[in-house]
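Please look through the sequence and the model below before reading the report that follows.

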Amino acid sequence: MKTNKRRILSTLLLALAMVPGLATAQVPTANYNGQERPLYREGQVIVKYKSGVQRSRNEIASLYQRLGVVAVQRLGKTSKNMEGLVFDPRHLTVEQAIEDLQRDPNVEYAQPNYMLYAMPITKSP
């Protein structure tokens with residue numbers, strides 16, 4: 001009897017975790033030129049891996065699978081050991097992804113993909 005209750009509870013929790021939109025949280029905003037704009041891109045993080053660390057293909061695949069990564073952007077020669085990760089924000093928030101990445105011993109830091117906004121040019125008096 002207890003086994004059936006556990007199975008039902010486990011199935012219910014799994015089903016709730018898979019409901020689209022359940023993991024999404026509202027992205028914080030800031031006022032730019034009188035408009036509320038998001039501080040960062042939902043479903044995207046920037047990751048800096050520790051220098052000298054060699055990650056195996058299995059480690060990389062495991063990380064991407066754990067986060068549900070759908071796209072990876074290598075950040076070029078000027079940003080060594082860095083990449084942008086894109087994941088489905090319906091199943092994982094940016095905050096949850098960062099918490100997961102910070103537990104990885106190969107990660108130096110992880111942060112949201114912050115938005116940059118141009119400020120208007122005003123004439124001097």
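## Leu 85 and its contacts

Leu 85 touches Gly 43, Gln 44, Val 45, Val 47, Tyr 49, Tyr 64, Leu 67, Val 69, Ala 71, Val 72 and Leu 101, where residues up to four places away in sequence are not counted and contact means heavy atoms within 4.5 Å. The model is a predicted one, in which local features need pLDDT of at least 70 and side-chain atom pairs count only at pLDDT 80 or more, while totals for chains, interfaces and linings use all residues. Residues are numbered from 1 along each chain as its sequence is written, and side-chain values use heavy atoms, with hydrogens and water left out.

## The nonpolar core

The largest nonpolar core has 18 residues, of which Val 45, Val 47, Leu 67, Leu 85 and Leu 101 touch the most other members. Such a core is a set of buried Ala, Val, Leu, Ile, Met, Phe, Trp, Tyr and Cys residues joined through side-chain atoms within 4.5 Å, and buried means under 20% relative accessible area with a 1.4 Å probe, protein chains only.

## The sheet

E4 and E5 pair over five bridges in the antiparallel sense, and Val 69 stands opposite Phe 87 in E5.

Methods
Buried means under 20% relative accessible area, exposed over 50%, partly exposed in between (1.4 Å probe, protein chains only). Two strands pair if DSSP finds at least two bridges between them. Helices (H or I, at least four residues) and strands (E, at least two) are DSSP runs, numbered from the N terminus.
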